[in-house]
Amino acid sequence: MQINFTHHQSAHCENGVVSNLMKHHGFNISEPMVFGIGSGLLFCYIPFLKVNHAPAITYRAMPGFIFKRFAKRVGIKIEREKFKDPKKAKAVLDNNLNNNNPVGLQVGVYNLSYFPDEYRFHFNAHNLVVYGKEENTYLISDPVMETVTTLTDKELEKVRFAKGALPPKGHIYYPTNFPKELNLEQAIVKGIKHTCRDMLAPMPILGVKGIRYTAKQIRKWPKKLGTKKANHYLGQIVRMQEEIGTGGGGFRYIFAAFLQESSKILNNPKLSELSKEMTQIGDIWRDFAVDASRIYKNRGAKADGYNEVASQLEILADKEELFFKALKKAI
């Protein structure tokens, strides 16, 4: 069971899986285009959901939403299924491979044997493609890896049914039906409007308001939690931003690339200008991550460091609020 599948490396797993599956089926859709049409860009601080013993921070839509939105907006039909029984999950996977159909899977990172040890922690929203099987070994195209790799059937079952927050439950997904042509123009507009709506939402933990809320929490953490726990919480923000799924800064760069590509498709020069602005915002996110990491690693940490990085987040919130208002107007 080996499908003639071409592996393309990407910056983020879910975008990469969808882009690779689309290319396999004859549609040359880039990773940024998947991300933008699927309204993947987000910010949300979730204090009631703990990941690695700290509040969850997400810079992206919930797992599966990017593919679901992308498919609906460009007019393709998809199949998605979760399982209670690992044997049934394996049977559905093998049946697709027998039918020459590569599939996307949601998995946990901790037990991915081909990941470097420093990246193997409890995070259950990673995505990869299975494109074949040789005896008891599955052929894996993980978009964040440079080349293809493999997992044994036991290893794959373990990551498909990982425990903890957002358990994948054997989640399998793949496209099933395609139009003759994809209506990208309309899909791009819908994707941008949805992203603007999310980032400008009147909810305290979502979008630019969520960034400001996070800044307020950071100012409180040293006195409220103590240095050790405050450092752990701050480290969680950086980890979610820079290590898990290329979060904050990385997603801003992908979104900027989406706007650059969309500018040509829609013949809208304003989107090209905003693309450059979003790239600069991504740079500021990266600066924030560097400064925050110095605090929790005690490398050149300043006495008032927590307030300083909180102020950086407040500046980012102001810039993103102006940006998304301008983007909403431009589209």
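Modeller: Helix H4 (residues 86–98) and helix H5 (residues 153–160) cross at roughly 115°, and their axes come within 11 Å. H4 is therefore roughly perpendicular to H5, a term for angles of 65 to 115 degrees, with under 35 degrees counted as roughly parallel, over 145 as roughly antiparallel and the rest as oblique. The axes are lines fitted to C-alpha atoms, for helices over the stretch in contact, and the angles run from 0 to 180 degrees between N-to-C directions. Helices (H or I, at least four residues) and strands (E, at least two) are DSSP runs, numbered from the N terminus.

This is a predicted model, in which local features need pLDDT of at least 70 and side-chain atom pairs count only at pLDDT 80 or more, while totals for chains, interfaces and linings use all residues. Residues are numbered from 1 along each chain as its sequence is written, and side-chain values use heavy atoms, with hydrogens and water left out.

Pro86, Ala89, Lys90 and Leu93 of H4 are in contact with Asp153, Leu156, Glu157 and Arg160 of H5, where contact means heavy atoms within 4.5 Å. By class, this contact has 4 nonpolar, no polar and 4 charged residues; Ala, Val, Leu, Ile, Met, Phe, Trp, Tyr, Cys and Pro count as nonpolar, Asp, Glu, Lys and Arg as charged, and the others, Gly among them, as polar.

Helix H1 (residues 13–24) packs on helix H3 (residues 65–74) at about 40°, with axes 9 Å apart, so H1 and H3 are oblique to each other. On H1, Glu14, Asn15, Val18 and Met22 meet Phe65, Ile66, Phe67 and Phe70 on H3. That contact has 6 nonpolar, 1 polar and 1 charged residues.

As for the rings, the structure holds 14 aromatic pairs. Rings of Phe, Tyr and Trp (its six-membered ring) pair if their centres lie within 6.5 Å; planes under 30 degrees apart are stacked, over 60 edge-to-face and the rest tilted. Phe67 and Tyr173 form a tilted pair, 5.3 Å centre to centre with 50° between the planes. Phe67 lies in H3 and Tyr173 in strand S8 (residues 172–177), 106 residues apart. Phe67 is buried at 2% relative accessibility, where buried means under 20% relative accessible area, exposed over 50% and partly exposed in between (1.4 Å probe, protein chains only).
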